[in-house]
Amino acid sequence: GGGVAAMAAAAAQADPMWYDREIRFDVKFDQLELRRGEVLIDSMRSIEDTKGNNGENGELQVTNLRLLWISTTNLKTNLSVGYNAVVNINIRTANSRSRGSSQALYVLTKFNGSRFEFIFTNLVRDSPRLFTTVQAVFRAYDTSKLYRELKLRGAVIAQKELIQLPKEQIFNRISGIWNLSADQGNLGTFFFTNVRVVWHANLAENFNVSIPYIQIKTIRIRDSKFGPALVIDTSARSGSYVLGFRVDPSEKLAVVHKEIKALYDTYYNNPIFGVSFTVQETAPGIQDLKVPMQQDDVEIVDTAESSHDALAAYYADSSKLPDREPEFNSYLGLAVEPLKEGVTIQQLWSVL
């Protein structure tokens, strides 16, 4: 009944958006579990987190939103790397305590202004699946942003038709929709699909907005200087936009509001993130790892220092910590941290 629907809606609103956006170290077990709409694509045993836990065996899980590495001996030692933070992925030779020199997956990331590098080494010889799967899934994520990100003035309309995404279904097209962002309003058209709401101006189709349901916070009817309007509030991550639309004739407003709200609720119960992939035979997941775990009789107290240390191992610049003592630089006329050997200030500026 209504109570169950309300609970589902509340759970949907509480569903956090961090899974593909953030890098987290040593997360609690419930954050290792898949969120709604997250799919386990592949899972590989005997993978070492060479930079942070060299010599330790673990399992690498590849989902449509993130990479998870979980130590086989201690579930509390783990990584969650969201694809949105990934800058690039390549294959190089790494030195592992367990394997010596061998091929490894290098994942370079940027998160909260810092660059982190992760190195995953396959402890089983001649097993390239780790590399091919991760690279293919990351490419699929990177090329499907319109499913997950708000887009203003994008190439989403061609000859007044919505350019559909793979597996996108158009449920309704509604004319007589005024965008109230300008003083006089702009007359345009709505498209409602299973993943987003798109509006475009009738006279200029490049004046448009594509709003994935995943970025919508609320949809409501509110008074405006143009009379009652449909108002869509977007998430802080997408810029906290407040988008107002007037519906002509006004009697249609309640119907339009009800329809978009129903599509939004349906989406939240089963989100579509748009990452297409081919499922290979997968190894069993972390459920299997749960069984042998025994409760430690030691309470682990998290401290700021311990989490800081976990981060330090992954800095892309290994000399990031500790900072070097500043010295006067005549080129800049400033006291700066000394550069690494072989690097000049001119070279750094040329990077920009």
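Helix α4 (residues 253-269) comprises 17 residues and spans 25 Å from its first C-alpha to its last, close to the 24 Å expected at 1.5 Å a residue; the expected span is 1.5 Å times one less than the number of residues. Helices here are DSSP runs of H or I with at least four residues, strands are runs of E with at least two, and both are numbered from the N terminus. The buried residues of α4 are Leu 253, Val 256, His 257, Ile 260, Leu 263, Tyr 264, Tyr 267 and Tyr 268. They cover an arc of only 135° around the axis, which puts them on the same side of α4; the arc is that of the directions from the helix axis to the C-beta atoms. On the other side of α4, Val 255, Lys 258 and Thr 266 are exposed. Buried denotes under 20% relative accessible area, exposed over 50%, and partly exposed the range in between (1.4 Å probe, protein chains only).

This is a predicted model, in which local features need pLDDT of at least 70 and side-chain atom pairs count only at pLDDT 80 or more, whereas totals for chains, interfaces and linings use all residues. Residues are numbered from 1 along each chain as its sequence is written, and side-chain values use heavy atoms, with hydrogens and water left out.

Arg 66 is found in strand β4 (residues 66-71) and is buried, with a relative accessible area of 0%.

| Partner of the Arg 66 side chain | Distance |
|---|---|
| Ser 80, side chain | 3.1 Å |

A polar contact is a pair of N or O atoms within 3.5 Å; within protein, one must be able to donate a hydrogen and the other to accept it, and residues adjacent in sequence count only if both atoms are side-chain atoms. Not counting residues up to four places away in sequence, Arg 66 also touches other residues, including Trp 18 and Tyr 19 (contact means heavy atoms within 4.5 Å).

The structure holds 14 aromatic pairs. The rings of Trp 18 and Tyr 19 have centres 4.1 Å apart and planes at 15°, so this pair is stacked. Rings of Phe, Tyr and Trp (its six-membered ring) pair if their centres lie within 6.5 Å; planes under 30 degrees apart count as stacked, over 60 as edge-to-face and the rest as tilted. Trp 18 is buried at 5% relative accessible area, and Tyr 19 is buried at 8%. Elsewhere, ring pairs link Phe 25, Phe 116, Phe 118, Phe 120 and Tyr 315 into a cluster.
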